[in-house]
Amino acid sequence: MPGPDPSRRNERSRRAVLTAALDLLAETGYSDLTIEAIAARAGVGKQTIYRWWRGKGAVILDALVDAAAVAGDVVLPDTGDLGADLRTVIRGTVAEFADPRLSATTRALTIETLADDELAEQVRDRLLRPQLDAVRLRLRAGRRAGQVRDDVDLDQVIELLFGPIYHRWLLRTGPLTDAYADGVVKLTLAAIAPVTASRQ
């Protein structure tokens with residue numbers, strides 16, 4: 001009779017660690033989160049966590065990526081109204097940053113990336129890129145529909161949309177509201193709209 005499958009045991013342990021990390025994060029906040037506490041809650045040895053992850057930042061990143069995977073692929077709405085669709089996305093981003101618990105986690109992870117280039121690369125590629133790629137696809141659809149100029153750099157458009165949100169959130173220069181999100185979208189649309197005869 002075959003013995004237990006080690007890969008299944010490892011996957012159970014991995015998921016227990018990620019679940020414990022998110023639960024403790026909600027209970028204690030990022031600054032008080034420790035590998036020891038995660039290991040105890042997950043019922044694994046501390047050495048098991050360090051064998052799979054470099055530190056708590058990497059654990060939280062994997063937990064967030066897993067949670068995003070459960071939610072499904074990032075797909076933006078395409079109602080035919082580019083402005084309405086972008087407002088939906090940017091309002092959602094503002095809501096996440098305005099949520100104290102989510103904001104604290106994101107801010108702590110951002111701080112960790114400043115001193116850890118490898119973690120920063122993983123956050124960019126695994127957490128941010130799928131969202132930004134979805135926005136890029138929606139902008140391409142807008143271009144095909146004649147709502148975005150052909151000469152516009154779509155990567156710069158994405159930065160026009162998200163840059164002000166990150167700046168206001170990171171430096172706490174003002175409140176993050178739906179009105180602010182709508183204003184960012186309005187300015188961006190004005191910058192990328194095709195030039196009409198009246199604007200020439």
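Between domain 1 and domain 2, about 1,100 Å² of area is buried, and carbon and sulfur atoms give 64% of that. Keep in mind that this is a predicted model. On the domain 1 side, three residues stand out: Tyr 30, Arg 54 and Leu 61 supply 47% of the area that domain 1 buries against domain 2, more than any other three residues.

So who are the two partners? Domain 1 covers residues 6–69, and domain 2 covers residues 73–197. Going by C-alpha atoms, their centres sit 29 Å apart. Each partner brings twelve residues to the contact: twelve from domain 1 and twelve from domain 2.

What about charges and polar groups? Three salt bridges turn up across the interface of domain 1 and domain 2. There's also a count of three residue pairs in polar contact between the two domains, with both residues at pLDDT 80 or more. As for a salt bridge you can look up by name, Asp 62 pairs with Arg 126, and their closest N and O atoms are 2.6 Å apart.

Now for the pieces of domain 1 that do the touching. Two elements, α1 (6–28) and α4 (56–71), each give two or more residues to the side facing domain 2. Of the elements there, α4 gives the most, with eight residues. Here's how the residues on that side of domain 1 divide by type:

| Residue type | Number on the domain 1 side |
|---|---|
| Nonpolar | eight residues |
| Polar | one residue |

Notes:
Residues are numbered from 1 along each chain as its sequence is written. This is a predicted model: local features need pLDDT of at least 70, side-chain atom pairs count only at pLDDT 80 or more; totals for chains, interfaces and linings use all residues. Side-chain values use heavy atoms; hydrogens and water are left out. Domain bounds come from an automatic or database domain assignment. Contact means heavy atoms within 4.5 Å. Buried area is the accessible area (1.4 Å probe) that two parts lose on being put together, summed over both. A salt bridge is a side-chain nitrogen of Lys or Arg within 4 Å of a carboxyl oxygen of Asp or Glu. A polar contact is a pair of N or O atoms within 3.5 Å; within protein, one must be able to donate a hydrogen and the other to accept it, and residues adjacent in sequence count only if both atoms are side-chain atoms. Helices (H or I, at least four residues) and strands (E, at least two) are DSSP runs, numbered from the N terminus. Ala, Val, Leu, Ile, Met, Phe, Trp, Tyr, Cys and Pro count as nonpolar, Asp, Glu, Lys and Arg as charged, and the others, Gly among them, as polar.
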